[in-house]
Amino acid sequence: MTQDSNPTEMPQRRGVDRDAVKPRRGGRGEQLQVPEAEFRSYYGRPIIKAPVWKNPDVPLYLFLGGLAGSSSVLAAMAAATDRPTLRRGGRYVAVAGAMGGTVFLIHDLHRPSRFLHMLRVFKPTSPLSVGSWILSPFAAFATATAAAEFLGPRLSERGSGRFVRRAGDASGVAAAVVGPALATYTAVLFSNTAVPTWHEAHRHLPVLFAGSAAAAGGGFGLVASSVRDNEPAARLGVLGAAVELATEQKMTRDLGMLADVYEKGRAKTLMTASKACLVAGAVGAVLGRKRRWAAALSGVALMAGSALTRFGVFDAGIASANDPAHIVVPQRERIRRREEAVQPGTTPPDRRYVPAAGS
Amino acid sequence: MTNVFDAFAGTDNALYGPLPDPAADAGFDAGHPKRVGFFTDTSVCIGCKACEVACKEWNLVPDDGTDASDLYRLTGMSYDNTGDLGASTWRHVAFIEDVRPHGSATKAHGGDVTTGRIPSGLPALGGGALPSTRETVPAPGGGTVDLLSLLPDDGAHGQQTPDDERDVRWLMASDVCKHCTHAGCLDNCPTGALFRTEFGTVVVQDDICNGCGYCVPSCPYGVIDVRGSDGGAHKCTLCYDRLGSGLEPACAKACPTQSIQFGDLDELQAAADARLAELHDRGVSEARLYGRDEDDGVGGDGAFFLLLDEPEVYGLPPDPIVTTRDLPEMWRNAALTAVGLGVAAVAAFWRGRR
């Protein structure tokens, strides 16, 4: 190496990941109007720590929570409107989702034997604490409902059998009240972090996850119920897919440069696959609802689309946390705007020079 | 925390904004000690890493298993072979070699416009026509190994021999947990393992932590992490055990240049303001305080810094904001969409044909 090739700048000033900071597509209304980022960092290292949550545990937990949450509402309504196959499937998948989600949540802990510590306090400031207190009663209600569903036909028509069925209906309604919260609180779980792509999407993620949950629940309803019973499931699934697709579009547009993590790597693959599955499932549900096999296939596609979205959002967040440009560039922009708003030439408050008293 | 419902109603600064006494907000009575902290003055840091060693020794922090290359675990980042803060690194000394062509230092980076020199107050190297050592290293296979070429970045970030064409300014800074006024890790911890001490610091109770890892992405500074060997989250305790016995934290005790100063936070802030004024008077215009202002995004830091360049050069976020600032809105959005999901699922049954 010759002297001429020695770096003549600070090494960290070269910490621009050309792949990570692609030129933006024009005319899409970015919030962050930054030039192709010239930013400084410490040897290009990440500034925040990426989540240590396990993959696939956490994305699967998100998917199962959404599936169980929306299925519980479908099941309760199916019980009230005499749709036995939709009711049975919804009740069973609600308990399966709650139990499976709990298993994944515990397996995700780095000290699984202490999972009950989740319930030693209730903290509204911690979405994971609130989520534990949502999941626990939901799992209890869903389990009771599924047990009644299983025992109901096996008991006498009157007396104890009728009591069990009525108790099952009541706990099914209770599960349906809690279920939607289980489906959307996970959006707060993700967005209440310092991960830029998640945090800045805190207005979009709840809608995205609710849509994803509706697609999953509707999809499973199409798989599990007869053609006679499956119309509500098809409607919910199609609506969920539409909401999910539209919200994903709006989210990536509003995120501006932070959306680049959705446009590369595994997150891009997952989100593309998710969109394909959702479109296919929705079209199939509209056209093929009255054919049992077509309805079931559409349901599988809707569920796959829902799950792939969760995996894609998870991957995008990891990539965002590992990219120092995602921290430095928007925060610099924020400082610049604040300076403009206050007074030209004013130093940002974190560096304001305050003379000591008496000096 | 005690006034969490007030916080959600917007009548309290429990989640965001200036908070004069975080310990009182956490429920300690009026008799609690004053808030303590660190003032790390990087302008006198000599990069000796005594703080890193003292912290490891006193707190029995294990090997951090620094990754990078397997070649003596060298990162190629000047003398920084620690990398960053983490579960087993509670003090981290950053080394930045600000190398620029002779006479090209700009005003934006604190340079003197007339001479183009790196500003005073710091040793500026240059002038000596030292030979480049790398020209003498034979090609691989010739019996001698070019160690720099084995580094992950081909030695581009490695130490450089200053020659007569370049000015070098060497920045060193000892980073640590900021013990924020509004600590994202603490508020997000679902078990209550993280708590606010009577000194206003933030500490993990290892016997409570279940390793959920939620604190890790909640920190806007990337401080706390889960340790692979025991699964628990760990970070600087500001030597909680030593504070209880009236001792200063190990790193501050070990620092030979008083770059790390420990004390009551209000006194440290006054000292930092005086030091900044002194440096500005001496023409070190690039000096600035970081984490000093209680109006910043985390309500001010318990551990704050005097820096000689932009925060991101040291690996610090330029404008951190605690994630819980937006939490009330997030809960509102999630609740509304949950209702929407329930209504949609019910409405799907409207006039259904069977």
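Chain A has a mean pLDDT of 88, and 85% of its residues reach 70 or more. The model is predicted.

**Confidence along chain A**

Among the helices named here, two mark the ends of the confidence range: it is lowest in helix H10 (residues 324–342) of chain A, at a mean of 91, and highest in H6(A), at 98.

| Stretch of chain A | pLDDT | Contacts beyond four places in sequence |
|---|---|---|
| Residues 1–35 | under 50 | 61 contacts |
| Residues 353–359 | under 50 | 12 contacts |

**Two helices in chain A**

Packed helices are described by the angle between their axes and the distance between the axes. Helix H1 covers residues 57–80 of chain A, and helix H6 covers residues 205–224 of chain A. Their axes come within 7 Å and cross at roughly 65 degrees. The crossing of H1(A) with H6(A) is right-handed.

Which residues meet? H1(A) brings Phe63(A), Gly66(A), Leu67(A), Gly69(A), Ser70(A), Ser71(A) and Leu74(A). From H6(A) come Phe209(A), Ser212(A), Ala213(A), Ala214(A), Ala216(A), Gly217(A), Phe220(A) and Gly221(A). By class, this contact has eight nonpolar, seven polar and no charged residues.

**Two strands in chain B**

Strand S4 spans residues 166–176 of chain B. Of its 11 residues, 10 are buried, so S4(B) is largely enclosed by the rest of the structure. Strand S2 (residues 91–101) of chain B runs antiparallel to S4(B), and 11 bridges join the two. Within this pairing, His92(B) stands opposite Asp175(B) in S4(B).

Terms used: Residues numbered from 1 in each chain as written. Chains lettered and ligands numbered in written order. Predicted model: local features only at pLDDT ≥ 70, side-chain atom pairs only at ≥ 80, totals over all residues. Axes fitted to C-alpha atoms, helices over the stretch in contact; angles between N-to-C directions. Helix = DSSP H or I, 4+ residues; strand = E, 2+ residues; numbered from the N terminus. Left-handed = near helix turned anticlockwise from the far one by under 90°. Contact = placed C-beta atoms within 7 Å. Nonpolar A, V, L, I, M, F, W, Y, C, P; charged D, E, K, R; others polar. pLDDT = per-residue confidence, 0-100. Buried ≥ 20, exposed ≤ 12 C-beta atoms within 10 Å, placed from the backbone. Pairing = 2+ DSSP bridges.
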